[in-house]
Structures are given as C-alpha cells and as structure tokens.
Amino acid sequence: MSSEPDTPDAETEYQHDEDGGPDPEKHCGHGRGGMGEEVTRKEDKRFITGRGNYVDDIKKPGMLHCEIVRSPHAHARIEEIDGSRAEAMDDVVAVLTAEDLLEHDLATMPTLMDDTQDVLVNDKVKFQSQEVAAVIAKDRYAAKDGAEKVEVDYDVLDPVVDAEEALEADAPLVRDELDDQEDNHIFDWDTGDEEATDEVFDQADVTVEEDMLYQRLHPAPIETCGAVADWDPGMDKMTVHMTSQAPHAHRTLFSQVSGIPEHKVRIVSPDVGGGFGNKVPIYPGYVVAAAASYVLEQPVKWIEERSENIQTTGFARDYDMTGELAATEDGVIEGVKVDVLANHGAYNAAAQPSKFPAGFFNIFTGSYDIEAAYGSLTAAFTNTAPGGVAYRCSFRVTEAVYLIERMVKVLADELDLDPAEIRRRNFIPSDAFPYESATGWNYDSGNYEKALDKALEMADYEHYREEQQRRIDEDADKLIGIGISSFTEVVGAGPGKQCDIAGIEMFDSADLRVNPTGNAVLRVGVQTQGQGHETTFAQIVAEELGMDVDSITVEHGDTDTEPYGLGTYGSRSTPVAGAAAAVAARKVRDKAKSIAANELEAAEEDIEWDRESGEFHVAGAPDRSITITEIAAGAYMNHPGDEEPGLEAVNYYDPPEMTYPFGSYIVVVEVDRETGEVDFEKFVAVDDCGNRINPMIIEGQIHGGLAQGIGTAMLEKVTYDDNGNVTGGDFMNYLLPTANEIPNFETGHTVTPSPHHPIGAKGVGESPTVGSPPAIVNAVVDAMSHAGVSHVEMPMTPDVVWETLDEAGLAHQPAHNVEFDLGDGAEPADD
Amino acid sequence: MKSAPFEHHEPETVDEAVSLLESLDDPTILAGGQSLVPMLRFRLANPDVVVDINGIDSLDYLREEDGSLRLGALARHADVEDSDLIDEKYGSFADAAPLVADPQIRNRGTVVGSVAQADPKGDWGSILLAHEGEVIATGPDGDRAVPADEFFLLPYDTTLGEQELITEIRVPEPGPNEGSAYHKLKRKTGDYAMAGVGVRLVFDDDGVIESAGIGMTAVDITNARATDAEEHLEGERPSPDLFATAGELAAEQSNPESDEHGGADYKERMVDVLTQRALGDAAERAGTVTVERRVTQ
C-alpha cells in the first residue's frame, strides 16, 4: 500500500486548509454545531416518531408482491419445476423460473468477486434456501400461499459444508458448471516474506502457536433486504427502491446485468434499518423483482423474511486460522505467521477490492513493530450460502485483529509476562509514523501506548489483578479474568488505484449548493444505515463555512440526484465522503471570498476567513465583516462580474491513503466455576479515531459495536448440520445479545489526527466490533490461564466455558463452599 | 406474519369455547400465542380453525381459593411476575416468571398455555410437577382434575382430550414450613433453558424434610420429576451432603440430549448444580436453614 496516488494539486491544496483545519481539542464547534459538538441527530425526529421511510413503506399503484421459492436441500439437481398449481390460484399473477429469466438474459448475476451466481437456480442447487422460483401475486399472503404450491422435483446430492472436507479429493464438487473447476479450491493467497519469517522463527528464543476459528456470523440488521422495482415502459426507465449500502455501484451493476443503459436506471436507497455489510452485495431477490416488473410492466415488491435473511444473506468471517509468534525471551515479538482456511460458501462473493482476495487481512501485524511477517490463505467452495462480506469489519480486518490480539495473549502467558507490559514492549512507537508494516501497509498515525495507559487507568487494572490472585488463592467459586485488546484498524478505502468494488475505484463525493437565502444542501455518494451522516456531514460543512448546522440538509441514496459514490461500509464514509464534504465546503469558501470582496469593496486577497466567528472580514479590519448568509445572497443577487453566479462546489475525493484508527479495550469478567457462565465486571473502551466530529454519535457507534462484539464472543454462530441444513436459521437459534446481556460500557478517547485527512478524522464505526471480541476472549482465557488454558473458541457459551474449566481441573463441584446453619442448638453440618 | 389462511373464532364464555371445540373439525386453541404464532408464521402449524380464548374474561385470574393457588387460562407470565401474593408465598413461581422468554412475550404469553404446549423446555411444567399441582381440563362433560404427574406424555403431547381446554392450573397453598425455588440456566434473555430445576420442600416442626418435589426442565422428553432425589431427601435433615447426593441423583435420573444448548454431559452436570442451588433456596425460604457460601466471590 505504499505507492503514491496521483492526487490532483488542487485537491491537495484544499485538503490541507490555510488555517491548519479544525482542532476540536482546542475549540469545539464555536456554538454553531461544527466539529466536536454533540449535535442531536437530525434523522432521529423521523425515526423516533415513526416517520422513517423504509423500502417496505414504499407503496405504488398496482404494485405486485414477490415470494421466492427456496430449496430445502443444500445440494440437489432440479429435475422439474411445476408452477401450474400456483398459477391457477386466483391472486397469483405469474411463476418465474430460471427458464423465464434466460429469455431476458437475466438468469445470472455477478458477485462482488466477479463470480457468477444464479438468480434462480438453472440446474443445480448449491446451498440450502437458494432461490429456485418466484411467485408474483396481488398481495404478499397470496404470494406466500402460491409459493407453497410450486412443486419442485429434486435429485438430492451429497453436500459438503466443511471447508477442510471440501478440499479432500473425494469431496462432492460444488461448482461443476465451471469448465476449469475440478475441485472446490478457489484461490491461494499469501503476503509477506516467507523465507525471512521462517528464518526469524528458526532463531527465536520462543515460539507459540494457536488454532482459532473465527466462526461464521450473520450481520443481522433489524431490517431485512427488500426492493420495489418499477419498470416504466413509457420512459424506458427502471426505478428500484432497495436496501442498498452502495446505490451507485448497484446502479452500475444493475445496468450491466440487465442491459438497460445506466442513465435509465435509478436506484433509491431510502431509510435503511441497519446494514453492517449485509446490504453491500446484490441479491437474487432484487434482480427477480426487477425482472418481474420488466416482464409484467407493473411495480413489484420483494421483502425478505427474517429466516431467509439469516439463511442466505452474505455471511461474515468463517476463517479457520492458525497463528504463530516468534519472540525473544523478553517478549519482543520478532515474527508472525498465519495460515487460514476460508470457507467462501457456494459462490465467491466476498466484498473485497479485486486486488486483495483476502481483503485487508494483511493488517495482522496489528499495533506491533514486527520485523518479519508471513500470511497464507486458501479459500474453498462449500454447499453453504455465499458471503465473506464485511460485518461491521473492513474487509477481513476483524479476523486479522482477532488473530494478533489473541496471539499476543498466548505469548504473554507462555513467557509469564503481564499482557499490558508485553504490548508496551512491542508497540510501534508514536514517533515512528508514518510506519510501513512488514506486510507493506502505510499506517498514517498512532499513539498506542497512550490509549493503553488511559484504558488501564480507567479499568483500575492493578486492583483487578490483585483481586484475580486473591480469588485463585482462596479457591473462590468465581474466577476473575482481565482481557486486553490494543487493536489497529485500517479503514477508508480507496485509494482508488488500489481499492475498487467490482472494478470501480473507491473514491467518494460531495456536492454542496448554498441557496440564495443562505442555507445549503449537501449531497453525498455514501448511504447512511444508522451512522448519522445527515448530522455529521452537516457539521463538517458548518465547521468549514461558519454556517449553523441546522441550515444544512444532507441528502443521500438517490442515484438520480446524488453524485456518484461507492457507498457506506468499511468505515469509509467519514474518511472519504467526509473529506469530500470538507473539500467541497472549502471550494465554496474560496468562491465566497470573491463575493465577500465585492460586497465589502475590498481586494479579494485582503479577505480573510475566521474559523472562530465563521465570518469573512477585511484583513486588519475585523469590523468590516460579512457572513456566509450575506455572501449567499450576493452570489445570486449581486454576483461579481468576473464570476459565475451561484455558490456551489463538487468534490470527488480519492484518498491518498487509508486511515488507521486504533484503541485499547479492557474487559474484566467473572467466570462461574460451577456453571461456566461469564459475567462482565468492567468494560472499558478507549478509542482514537483522530479528530472527532460528533462525540455523541461516536459514542453511540462504540456502544453498538461493543454489543455486537459481545454477541460475537458469547453467543453468535451460523451452524450447519452434515446435510447442509442451516441449524441456526432464526433468532430463536441464532442468538443476538439484548440490553440484558450488555454491561455498562465506560468509554474514553485519545486524539491522534490523521495527517492526510482534510479534517484529521478517521473512521470509527467498526473499531468496537473489530477490537472487542479478542478482549473478551482474552479475559475468559485469562481467568483460566493460571491452569494452562490458552484458548477458548467463540461463541463462549456456558457449556463451552465449563468444559474448558473441567479439562483444566478448575470446575467446582456444586456446593463446594457451602455451610448450613440449622439454627438454635443444631450443629452446623460440614461439607 | 404470513400464515396460511384459517378460520378464527372468538368465544366469550367457557361453555361457548367447549361447544366450539365439540362442533369444529380439529380446532387449535389460541391463548397468548407464544408458541402458536411463531408456528403459524413459519407455517409449521397450518390449522384450518383457530379458537381464540382471549375474549373469555372469566379465565383471567390468579388467586388463592380453597387451599390452593389457582391460575386461570388467561393469567399471563407478567401477572405472575407482578403479583405480591406470588412474591410472598410462592418462591418457585416468583423465580421462574422473570426468566420466561422476554418482557414482551411475558405480557402476552400465558402460564396455562405454556403447560398445554408441553414443550419439555417450558418452565411451568417443572414447577407444576414439583408442587404436585393439578391441571383442570374442561370439556363437554365438565371439569376434570388431572394430577401434573399424569398430564405430560411426550414432547407437545398431553392427556388433554381433543374437545377439552385447560381452564386452570392449581398448586396447594404452602404450609408454614414450606419453601420452593426455581433455577434456570440459559444463554441469553429469551432463550429456552439449557436446564432448569424447580424444587418444593416441606419440613416438619423438627426441621426434617417431610415431602420433596423436584421438577426438571429441558433434560428429558417432557418436564420430568426427579423421584430418586425426592425419596433420598424425605425423612432427612438438610445438609450440604444430603443436597449434594440429591443433586447427583437428579442428574442421574435426567435424560438430556446434546443440542445447540450444550452437550448431554454438561446438562446432566447442570441438573446437579441447579438442584443443589434450588434445594438451598427452598430450605432457606422454609425458614429451616441458613445457607452460607464460605467464599462467594
């Protein structure tokens, strides 16, 4: 990641502002709702009062409803589909199969990794609940009733669900339709210097190794996927309202799949009820709805049910990893190795930039200055749903961070070193930035020790270490464990030359228009799913133009009106579109100066802008000042002769580098030696995402992500039986944490600005989901490490923990420590 | 919810309900909908006819009468959770109510409906067994009282007749030397039990256990009694050893299966743990002993 991007000079100029840019640590927002102010979220009024507008709220005259018939088998050849009984039903309009789609050349669609997936199964079902046929009816009940009447003859085949078994010679072939595919192997990938790393391992004082599975997870947004497709034969135009995190990219893909020219495709992503990466891919349901609308010339709605979402939506993780560290006897880490077996499901559909088949997994050197690193990965097809899509994790960063943070704990235990101390001995020093890692990534800025020290203080670390020892000494029923994770994230893709989605470079955009009456509309190419963009991006403009935050409206999600963007995922919105918003605002400010000069009857070079007051004034004469509101009026009513009227600017921002937010999390748990139950005693999260735009929104993001981290560590796993049946296909079996499972979080922050971002900000949305699972697992392991426990697999349900306790000889007999007092005169019984 | 179409009847009296059960073809009774509604939603249940008893106001009660606690068919889990009477006198009910499902479901789901559903992972069946309670089944021939021991047959299968509905469950009012408790282990709020144990202990005036009832959740094909443990306890004074052996006996008598909630061995072990914990609480509530955990933390 070290090559120089070709950023135009003009953008570099705006990127580094004349006054050094905002510094929220020094002055916060100036009372206008700019940087650093806890502005109440603009979007919450409509959400809290039930006036949000989600895809399922969209209703159109004559709208039909689509229900998808799904395969009960994981691996089966379709012999025959008979839709006649469904078609004979009163309210059923049509039954669609692959045959119908083939007529319109819509039978397949590209995945985000350029694989080809059946929209409706043409020949062979490759995972359970794969889309086989679609019933279009006048209402959704009739569609569901009709789907039950579609008869499908299957020739059931042996499935393979486990990645290791899939690579065995006699494994069933998942992708027999591909000419060059003779086994289930998809690709091998490696990074780093194998030879140099082996050498370091050969000569090291100590090496440790640990196997760990980052289990398959479900992104579980509260809103499932859905679409309302509306083909207008009069306009030759396809409008699709859909649950999309990346409406423009989806427009391009829709156009490519359908052959409808891109200017005749409009994608609208209205309010979106959570995404977490689930809504980055294209799903067959969207295409079926669009195809049905095209064929029937009526609007068609498809809304996925919860179980359909869990069973088929782009999953996350499923990385089976072996980590190794080489170190000196003082705990200085010299080398890291990792080998991964990745289960990609039935199609290669991971959401990775095309140059990085394993995403950004090479961040596995973490926050540490490690001389040698080597990583290798093999990906396999299985008869499971496709995915590998980010779940609040930027492109496999979550897996990488889990690996390194777990391994550091394993090494600390091997050397009997305090896990905080061993981290200190290995952190990349704060004066070493920008820092190039052994896998070739350029870290922009960091101060890891500062964040760790703050977290240790907040967590009352020494007290809990003493308490931990006391309980061990007294053979108490509940053990204390303290887990640390000092993670480094990499977020904010591009640069476009290195990062793309389906070939489109990962820039992003902002279009800022100031109205004659002094308020403004900012249109952005990213799409909020709960991140608070309508507030945060308005704050950026407020900061950069001296406007009040309430006078700025942020629009997003409609490809007919918004500038092209790559969407919201991988914590990229603030690093990329946020930068575009700042640059667009600075361009407007530049033009505003010439209007100010005209209004104030001064030379343009004498006009200064004051960030504190938000006003423009004549140099040396602060009284001769003008606000952006007055300037806006001038731009439309009294524009200078040598300037165009109006006051607006567009910026397409291609980031020069990614940003590297980081943090230290400390988790204290109590482990019940009788039952294996784990309770959280303390949960401290110190984050550093550079300059902070809206601390309240950041804190909300942290809280939500930590809750998801707890779900990952304690509860969640998508499981399959040997027949390829999803055994956790509903929320009774796929367990999400509720408020009851979430402890009190204590959040803190440090601020290490990104040197290349226009306002010094980094992404933050995913840090807590990335950083917390290893802290939690480290804590549970730490409670038992005195008895030699080095790892516990996620999810750490009570039975899993109890079995670990039992094997380590730590499980307590019930009533181990009980005495009974029988009251008057009776002798206390002894156990 | 996109259930298959069904016919919906709303009787306002028990008599009306019974005559509907008599006249309709294979009707399904809807009370709180805690189990039926998800089954309709998944189309695992596709009844042609549903008899919705929520309009029968006379079944909405929780009271003591003639020496027993009585819960009508419309008493919700939340009614038990919020009841002062339960808090004062019925420790096992007070323990169990807040552990059932989640608050939304407790507002709607009924205790009787849960017993009628006869899911071995349901909590109330174990409590009914531990208290040696009764199920009142009302049909064309009037009421009959079925002892809890004779009610559960198989998962989701009971001795309730096709034309009967459960109008009430009852358990004996506790005497002065009696205590009860329920302990449940689950992975999260709203999850079914990994294992659960309900206990009722009756002591004589000398502190000897006169009668013991133990019901187990999620560790057999129905809610099941731990009779070996009960026998071991009766006639003895409480002690950690006594309860430890009772725990082991209950675990031995349990018959759990490995599933997503945990392995069979683990569940057996947890029956032991939960039995001992529940016995300790029940004995304390009876005022017989004070249980002291030497090192609690």
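Student: In β7(A), which residue is the bridge partner of A94(A)?

Tutor: This is a predicted model. Strand β3 (residues 92-96) of chain A pairs with β7(A) in the antiparallel sense, over 4 bridges. Within that pairing, the residue of β7(A) that partners A94(A) is I136(A).

Student: Strand β1 of chain A also pairs with β7(A); which residue of β7(A) does H65(A) stand opposite?

Tutor: Strand β1 covers residues 64-70 of chain A, and its pairing with β7(A) is antiparallel, with 6 bridges. H65(A) belongs to this pairing, and the residue opposite H65(A) in β7(A) is A137(A).

Student: How many of the 7 residues of strand β7 of chain A are buried?

Tutor: A residue counts as buried if 20 or more other C-beta atoms lie within 10 Å of its own. Strand β7 spans residues 131-137 of chain A, and it is largely enclosed by the rest of the structure, because the number of its residues that are buried is 7 of the 7.

Student: In strand β25 of chain A, which residues form the covered face?

Tutor: In a regular strand the side chains alternate between the two faces of the sheet. Strand β25 (residues 552-555) of chain A has an uncovered face made of T553(A) and E555(A). The covered face is I552(A) and V554(A).

Student: Which helix joins β24(A) and β25(A) in a β-α-β unit?

Tutor: Strand β24 (residues 520-524) of chain A and β25(A) run parallel and are joined by 4 bridges. One of the bridge pairs sets R523(A) with E555(A). The β-α-β unit that holds both strands is right-handed, and its helix, residues 533-545 of chain A, is α15.

Student: Which element gives the largest share of the side of chain B that touches chain A?

Tutor: The contact involves 35 residues of chain B and 34 residues of chain A. On the side of chain B, the elements giving two or more residues are α10 (240-253), α11 (264-285) and β15 (290-293). The largest share, 6 residues, comes from α11(B).

Student: Which residue of β15(B) stands opposite F820(A)?

Tutor: Strand β33 (residues 818-821) of chain A and β15(B) run antiparallel, joined by 4 bridges. In β15(B), the residue opposite F820(A) is V291(B).

Student: What radius of gyration does chain B have?

Tutor: Chain B contains 11 helices and 15 strands, and 53% of its 297 residues are buried. Its C-alpha trace spans about 60 × 45 × 30 Å along the principal axes. For 297 residues a compact globule would have a radius of gyration near 19 Å, and chain B agrees, with 19 Å.

Student: Does P434(A) count as buried, partly exposed or exposed?

Tutor: P434(A) lies in the loop between α12 (419-424) and β18 (435-436) of chain A. Beyond residues up to four places away in sequence, P434(A) touches N442(A), Y443(A) and D444(A). Because it has 14 C-beta neighbours inside 10 Å, P434(A) counts as partly exposed.

Definitions and conventions
Residues numbered from 1 in each chain as written. Chains lettered and ligands numbered in written order. Predicted model: local features only at pLDDT ≥ 70, side-chain atom pairs only at ≥ 80, totals over all residues. Rg over C-alpha atoms; globule rule 2.2 N^0.38 Å. Buried ≥ 20, exposed ≤ 12 C-beta atoms within 10 Å, placed from the backbone. Pairing = 2+ DSSP bridges. Contact = placed C-beta atoms within 7 Å. Right-handed = clockwise from strand over helix to strand, strands pointing away.
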